[in-house]
Amino acid sequence: MGDLTQNFSRSEFECPCGCGLDTVDAELLRAMQDAVFYFAMPTHVTRVYCWITSGCRCKRHNRKVGGEDESLHLIGRAADHVMEQRLFNGQRIIVDTDVLADYYDRIFPNRYGIGKYPDGRVHFDTRTGDHERWDERKPEEL
Ligand SMILES: [Zn+2]
């Protein structure tokens, strides 16, 4: 149970450097919560965990991790995350990068930013204006 939505807590989005930045966009939260509900729908799925691998970033931390100067992470409108499904038999499944990214693209065609990264990580942001799609996986993983 989260303190912001059913599945998300503010602390999960906090900048990891210790600066305390944890302001997160309402639109981002709603979209990600809806994604959790969606991936929890199949009857063989008992629970879904959405692991935030990078949420809010202050300028200093953003520089440290090589983020772009205009990164949406700086203003709490972006989160990199992995979606994990737990099945009735205890099995854990990381939702495939393409499947997760395609889900957001289907819900928000021609909107927002959606990036694909290795290990099931997907960047999702609620940018204003032109949308963007990108793929940062290594060629052998494509
Ligand atoms: Zn920070």
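I'll start with N110, which is exposed, at a relative accessible area of 59%. On the terms: exposed means over 50% relative accessible area, buried means under 20%, and partly exposed is in between, using a 1.4 Å probe and the protein chains only.

Before I go on, this is a predicted model, in which local features need pLDDT of at least 70 and side-chain atom pairs count only at pLDDT 80 or more, while totals for chains, interfaces and linings use all residues. Residues are numbered from 1 along each chain as its sequence is written, and side-chain values use heavy atoms, leaving out hydrogens and water.

Back to N110. This residue has a positive phi of about 60°, although it is not a glycine. N110 sits in the loop between α3 and β4 (113–116). Helices here are DSSP runs of H or I with at least four residues, strands are runs of E with at least two, and both are numbered from the N terminus. D119 also has a positive phi, of about 65°, and is not a glycine. D119 is in the loop between β4 and β5, and is exposed, with a relative accessible area of 60%.

Now the whole chain. There are 3 helices and 6 strands, and from the N terminus on they run α-β-α-β-β-α-β-β-β. The radius of gyration is 15 Å, close to the 14 Å that the globule rule gives for 142 residues, so the chain is as compact as a globular protein of that length. That radius is taken over C-alpha atoms, and the rule is 2.2 Å times the number of residues to the power 0.38. Along its principal axes the C-alpha trace spans about 45 × 35 × 25 Å. Of the 142 residues, 44% count as buried.

Next, the zinc ion. Which residues coordinate the zinc ion? They are C15, C17, C19 and C58, each through SG, at 2.3 to 2.4 Å. Donors are N, O and S atoms within 2.8 Å of the metal, or 3.2 Å for Na, K and Ca; water is not among the atoms, so sites may look incomplete. The 4 donor atoms subtend angles of 104 to 113° around the zinc ion, which makes the arrangement tetrahedral; for four donors, that term needs all angles between 85 and 135 degrees. In sequence, the spacing of the donor residues is C-x1-C-x1-C-x38-C. C19 lies in the segment before α1 (26–39) and C58 in the loop between β1 (45–54) and α2 (59–64), so this pair ties together parts that are 39 residues apart in sequence. C19 is partly exposed, at 41% relative accessibility, whereas C58 is buried, at 15%.

Last, the core. A nonpolar core is a set of buried Ala, Val, Leu, Ile, Met, Phe, Trp, Tyr and Cys residues joined through side-chain atoms within 4.5 Å. The largest one has 28 residues, and F8, F13, M32, M83, Y104 and F124 touch the most other members. α1 gives the most to this core, with 7 residues.

What does M32 touch, beyond residues up to four places away in sequence? The list is F8, F13, C50, I52, A79, H81, Y104 and F124, where contact means heavy atoms within 4.5 Å. H81 is in strand β2 and is buried, at 0% relative accessibility. The C-alpha atoms of H81 and M32 are separated by 9.4 Å, with the two residues 49 apart along the chain.

Methods:
Tetrahedral: all angles 85-135°; square planar, octahedral: opposite > 155°, others 65-115°.
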